[in-house]
Amino acid sequence: MQYPPEALAGVFPVFQTPFDDNDDIDAAALAAEIEWVYACEVDGIVLAMVSEVLRLSTEERRHLAELSCGLGLPYGPVIISVGAESTKVAVDLARHAESVGATAVMAIPPVSVGVPDSELSAYYEALLAAIDVPVVVQDASGYVGRPMSIRMQADLLDAYGDRVLFKPEAVPIGPRLSELRDATDGRARVFEGSGGIALVDNYRRGIVGTMPAGDTPWALVALWRALEAGDEARIEAIADPLARLVSLMDSLDAFVAIEKHLLVAQGIFPSARRRGPVGYDPDAETLAEVDRLVGRLREAVDA
């Protein structure tokens, strides 16, 4: 089923990729995760950075796209990350994602080399020309690469209309988000990221959705609904432990490690295994604080 661009809104968690003891994708654990995430009443799912796409081969990325579309589309929209170090590879991944039913694709720019706006624009234009589904332009420079030009992003929206969506993660996130909003006269449809740590502020700047991780989707759904209802007391009660939880994840590796720990703790994953080499392992005290904050978060949501 295809969805119009305006249907891409709300809570779209980025799922984590489970690996078995041989470092292969654990399809059964992935199926359990996607079923659980949708049971938390999210609006869609995303394959992206914290899915460890940078640690997957091109063949594995295609396989994971097939799995996630096959498992997720019966429940709702599925967005597939196709960013790559070359335009050709990104276009090939985008065409494959569309062929297996992806609702939209999302693309970070190349991260191994800085390119001028003209090259970056051509990269995204090639993606938009190659497929018919929407393209989410992801400025992932909060983790990798360097910030994108606001003007270049606004020009893409002018040229391609509502097929272009955005996920700006350059810091400072709030002011950059407002700058993109103002440069496009409020037309830019923007998803925020960074785990939802600044979701309250970003919501008030006009975002249409959030792409947090898939470890506590029940909390993000509750917070999003509280924001839409203008329930200030509930917003504050949920946002405080959520922000403190996400503040412990200060790198891409930390996000993945803690998110997988939480999926194991909630009985979704059999293992928190990540592909190496890894640059961060949370110690016992960090994990104890993570568990304490998730307990507080659950109390706030249940209240």
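Visitor: What should I know before we start?

Guide: This is a predicted model, where local features need pLDDT of at least 70 and side-chain atom pairs count only at pLDDT 80 or more, while totals for chains, interfaces and linings use all residues. Residues are numbered from 1 along each chain as its sequence is written, and side-chain values use heavy atoms, with hydrogens and water left out.

Visitor: What makes the protein as compact as a globular protein of its length?

Guide: First, the parts: there are eleven helices and eight strands. Helices (H or I, at least four residues) and strands (E, at least two) are DSSP runs, numbered from the N terminus. The radius of gyration, taken over C-alpha atoms, is 18 Å, close to the 19 Å that the globule rule gives for 303 residues, so the protein is as compact as a globular protein of that length. That rule is 2.2 Å times the number of residues to the power 0.38.

Visitor: Why is threonine 17 called buried?

Guide: Buried means under 20% relative accessible area, exposed over 50%, and partly exposed in between (1.4 Å probe, protein chains only). Threonine 17 has 0% relative accessibility, so it counts as buried. You'll find threonine 17 in the loop between strand E1 (10-11) and helix H1 (27-39).

Visitor: What does threonine 17 contact, leaving aside its neighbours within four places in sequence?

Guide: Ile25, Ser51, Glu52, Leu64, Lys260 and Phe269. Contact here means heavy atoms within 4.5 Å.

Visitor: How do you know that leucine 262 is buried?

Guide: Same test! Leucine 262 comes out at 2% relative accessibility, so it counts as buried. Leucine 262 sits in helix H10, and, not counting residues up to four places away in sequence, it touches Asp215, Thr216, Leu245, Val290, Asp291 and Val294.

Visitor: How do you know what span to expect for helix H11?

Guide: Take 1.5 Å times one less than its number of residues. H11 (residues 284-302) has 19 residues and reaches 27 Å from its first C-alpha to its last, close to the 27 Å expected.

Visitor: Why do the buried residues of H11 line one face of the helix?

Guide: Seen down the axis of H11, they fall within an arc of 135°, so they line one face. The arc is that of the directions from the helix axis to the C-beta atoms. Among those buried residues are Leu287, Val290 and Val294. On the other side, Ala284, Glu285, Glu299 and Asp302 are exposed.
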